[in-house]
There are 2 protein chains.
Amino acid sequence: MSLFPKTTRNRLQRHPDRGHYDRATITPIIDEAQICYVGFETEGQPFVIPTLHARDGDALLLHGTPASRLMQHIGHGQPVSIAMALLDGLVLARSIFSHSINYRSVVLFGRGRLLETPAEKLRALRIISEHLMPGRWDETRPPSHRELAATAVARLEIESATAKIRSGPPVDQQSDVALPVWTGIVPMQQQMLAPIPAPDLAPNIPLSPAVRQWLDTDTNDE
Amino acid sequence: MSLFPKTTRNRLQRHPDRGHYDRATITPIIDEAQICYVGFETEGQPFVIPTLHARDGDALLLHGTPASRLMQHIGHGQPVSIAMALLDGLVLARSIFSHSINYRSVVLFGRGRLLETPAEKLRALRIISEHLMPGRWDETRPPSHRELAATAVARLEIESATAKIRSGPPVDQQSDVALPVWTGIVPMQQQMLAPIPAPDLAPNIPLSPAVRQWLDTDTNDE
């Protein structure tokens, strides 16, 4: 089993049974999450910034404006922590204390650097784009030299990571099982709705293949 | 207009037109978000921890195990940053550079303290429970003294906050408008699915009113 190193930094203190340190558990959560939350501190002040991401092997790719606090911080090689969580459902027990949520989360640690050459920036931006919108890159006008220069792209090697997962039904204490309280789970999921054309879309332009993928996910279930 | 103070800490550097500092914009985002991401640093190492929350006026309430790194940090009065984001849709432009997402996010800053008395802990836990599961508290067995003692509850005064919002259709450069590329948005939303009874639920126990609220949200639209 391919493991990220387990240290005091990423070892779970609470519910150690929910902790996972293997790539086979961690990487699908990173790949399914649509956004991540990057935490760092500058001059004694912590910041958490939500942003888009994509995984490239054992690295995480981020982009932003070159002037941003986050990109400046990463550019200086400072440490960051990045979290992402997928919510799978509410867990409704018979006692309020045993209520929970089903989730899959990852917290990872690393340091990054800003990519320098247009070629490596272009490659990374394409991976970020493909993560959220597979196939879309090839349907659209690619970045100009000016646009590429206006975008900072960071690559963080993941030094350490933990996944934390809760799944399954509620677990009540034995002494609560006879209580006349409805118990179970309420699943939740992120749902993509039918695409809405821009007001200035010319009427003769059909939905493109990359956009039709979101039509297929939910609408075709009806 | 009721504003949170605007300082170098929370002023937006990028897309200042997307920044909002008034309570009327910020508090509904905090209230709609199901989880938050708490960032802090100890001994030179940043951490970001996903956790449940609720708002109580200008304060944020969090809970956890007393031994957790997060609760220890807050208990020592150290600064934290907390972010949350709601994803509203993909924004598909004609150039890849003009792609974006529609979202409503908040980043806030403050310091907290751990609540001491059982009465104030009980009140805060009820607010956290009502945030995610309105009405559920009164349907279930309340916390015992032992359970209450095993739960740390933190209250953070929000000293400073920024909301960042993008909405609406894509905005392409004028020179791209004639490109034959489908453009528009793909809305997304968090969806609650039909409740699933626990395997050990007695067959004579009906869905409770608090659980039926999730039946109503989506299923009745059909």
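**Two chains about one axis**

A rotation of 180 degrees, with 0.0 Å of shift along its axis, superposes chain A on chain B at an RMSD of 0.0 Å (least squares on the C-alpha atoms of residues with pLDDT of at least 70 in both copies). That is the relation of a two-fold axis. The same surface serves both copies: 100% of the contact residues of chain A recur in chain B. Contact here means that C-beta atoms, placed from the backbone, lie within 7 Å. A:Gln190 is the residue of chain A that comes closest to the rotation axis, with its C-alpha at 2.3 Å.

This is a predicted model: local features need pLDDT of at least 70, side-chain atom pairs count only at pLDDT 80 or more, and totals for chains, interfaces and linings use all residues. Residues are numbered from 1 along each chain as its sequence is written, while chains are lettered from A and ligands numbered from 1 in the order in which they are written.

Confidence comes next. The pLDDT, the predictor's confidence in each residue from 0 to 100, averages 93 in chain A, and 95% of the residues score at least 70. Over residues 218-222 of chain A it is below 50, and this stretch has 3 contacts in the model beyond near neighbours in sequence. For the complex, the predictor gives an ipTM of 0.93 and a pTM of 0.93.

Now the interface. In chain A, 77 residues are in contact with 77 residues of chain B. Elements giving two or more residues to this side of chain A include β6 (79-92), β7 (100-114) and α3 (118-132). Helices (H or I, at least four residues) and strands (E, at least two) are DSSP runs, numbered from the N terminus.

Methods:
Two residues are in contact if their C-beta atoms, placed from the backbone, lie within 7 Å.
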